[in-house]
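This briefing looks at the surroundings of two ligands, taking each in turn. Please keep the structure open beside the text while you read.

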Amino acid sequence: MRKRVIIGLLVAVVLGLAGFGALAWRPAIARVETPAPSSFAPALVARGQALAGAGYCASCHTAKGGEPFAGGYAMETQFGTIYSTNITPDPKTGIGAWSPQAFRRAMHEGVRRDGAHLLPAFPYNHFTKLTDDDVDALYAYMMTRPAIEAPSRRNGIPFPLNIRALQAGWKLLFFRPGRFEADATRSADWNRGAYLAQGVSHCGACHTPRNLLGAEKRGQAYAGAPIDRWFAPPLNRANPSPAPWDQAELTAYLRTGVSRYHGVAAGPMAPVVHDGVSQLPDADIRALAVYFAEQGGATSRDGELEAALRRAAVANRLNVGRQSDPSARLYTAACASCHYNGQGGPAPLRPDLALNSAVNLDDPTNLLRVILHGVAAKEGAPGVVMPAFGHFSDAEIARLAAYLRATRTDKAAWPNLEKKVAAIREEEKVTP
Ligand code: HEC
Ligand code: HEC
Ligand code: HEC
């Protein structure tokens, strides 16, 4: 009797494995001769170039100091370090032997030419939304880049997570393949913006929180998430800035990295703008701005900007004249020479900290990081610099952050600030 049960179980396991194997299995797609660059129409290549910019392919596929697109860029994940691969047209170590069909399958389904499943660190869950035409344009662009011989690096993912067939299970749970479907009740601009945001630019890959298995949580699109030791603020109605992200602010931010009322694209958002979406034509930037203005509810927040500017102006007067509060004195000495309000509202290029999301987020990380490191010249606005205050003590930086939180917002105080500063220094070795 016992034996029968065990055999029964074994049969079930074997059948299950066989079933899973069948589910996980993908055929290899035959190697092809690397197509000649001259076989692609220049207009197609140019379109592919803009899309590759908007999809930050180079940021992820170029190692520090390495050749463009030759792979080896390290991505830290909770499961281990993952290295991007060589996507230059080198036939041996890159994708030179890939047919357009093999490239489409990789982009739309996350499957390699040899049939192995790709890891979701490659954002194929977004690229699946791209039209065939746009994927073909990307193919044309990649196939016309210089071929670089650079073998891929072994991932640091531990066994058994490194078994690629297991990715089939992840896909079954979390991956919905399929092209973007337009919403007929929305404008053409909104749909174009949604197509770019959800597809090639995968804004949700950073701005949407993930579950324990690393998948973006359904129903929480753009609700804000930690990413690369920063925090990507919510872009939905939970965005904490008292100034709405309207179409004009979003357009300026995505085009130049600077918005008058909100601040600059620093940290991981800097390359998204400067090496990424800023390469898109104006109409596409406008479309992204239309889509995100709607996600954040800017259109239904009339009058909130004026009210926020008035409150910010009042807070600014705290730092004029003699001050008895030592925190206010520290702020006035260190920051107020640049971060003050003139008569006509926030000075251009010096963000008003009452409106800045770093001061308003539940997580103080971005603010502490900006104070510690400043904003590098190539990330911020041209001609001005936010200096680094890494030479301040942990206690001073914590005090500045607590002071801004208390005087510039109506939100709850941040706990354990001094410990957080110390932890960030430890992560990055920024010594006082
Ligand atoms: C967020 C980082 C990231 C971005 C952005 C990104 N990739 Fe990748 N890509 C990866 C990683 C990591 C892998 C390897 C995944 C693996 O080993 O399973 C990969 C793999 C690939 C592959 C499979 C190649 C192979 O031999 O394994 C192709 C093709 C590819 N990417 C094309 C692109 C294109 C085109 C873009 C821009 C539209 C792009 N990628 C943007 C991270 C990225
Ligand atoms: C690689 C991760 C990453 C990607 C991809 C990304 N973002 Fe961001 N984003 C961030 C981080 C981190 C910040 C915070 C930057 C700062 O504080 O200066 C940010 C900030 C922003 C802000 C400012 C929010 C605020 O309240 O201050 C906007 C707007 C924004 N991103 C829009 C977008 C859009 C639109 C896309 C897609 C086109 C996108 N992001 C893609 C990481 C990312
Ligand atoms: C010399 C002028 C100067 C001083 C002093 C200064 N800042 Fe800034 N700050 C800037 C400029 C300019 C920017 C806009 C970013 C850029 O383009 O570099 C900025 C940006 C910021 C931002 C927004 C970053 C973002 O991602 O949007 C914060 C927060 C900030 N500063 C906080 C402070 C604090 C706190 C102090 C005092 C410890 C301080 N700053 C001192 C010039 C200054």
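Predicted model: local features only at pLDDT ≥ 70, side-chain atom pairs only at ≥ 80, totals over all residues.

A polar backbone atom of V264 lies 3.0 Å from an oxygen atom of ligand 2.

**Ligand 2**

- Around ligand 2 there are 25 residues, and those that come nearest are C203, C206, H207, M269 and S357.
- At least two residues of the shell around ligand 2 are supplied by each of α9 (204–207), β4 (230–232), α10 (247–256) and α11 (269–274).
- Sorted by class, the shell around ligand 2 holds 20 nonpolar and five polar residues, with no charged residues.

**Ligand 3**

- Ligand 3 is surrounded by 24 residues, of which C335, C338, H339, A381 and M386 are the closest.
- A polar backbone atom of A381 is 2.6 Å from an oxygen atom of ligand 3, a backbone N or O atom of M386 is 3.2 Å from an oxygen atom of the ligand, and a polar side-chain atom of N356 is 2.9 Å from an oxygen atom of the ligand.
- Two or more residues of this shell come from each of β6 (263–264), α16 (365–373) and α17 (394–408), and α16 gives the largest share, three residues.
- Domain 2 (188–300) and domain 3 (304–428) each contribute at least three residues to the shell around ligand 3.
- The shell around ligand 3 has 20 nonpolar and four polar residues, and no charged residues.

How values were computed. Residues numbered from 1 in each chain as written. Chains lettered and ligands numbered in written order. Heavy atoms only, no water. Near = heavy atom within 4 Å. Polar contact = N/O pair within 3.5 Å; in protein donor to acceptor, adjacent residues only side chain to side chain. Helix = DSSP H or I, 4+ residues; strand = E, 2+ residues; numbered from the N terminus. Nonpolar A, V, L, I, M, F, W, Y, C, P; charged D, E, K, R; others polar. Domains from an automatic or database assignment.
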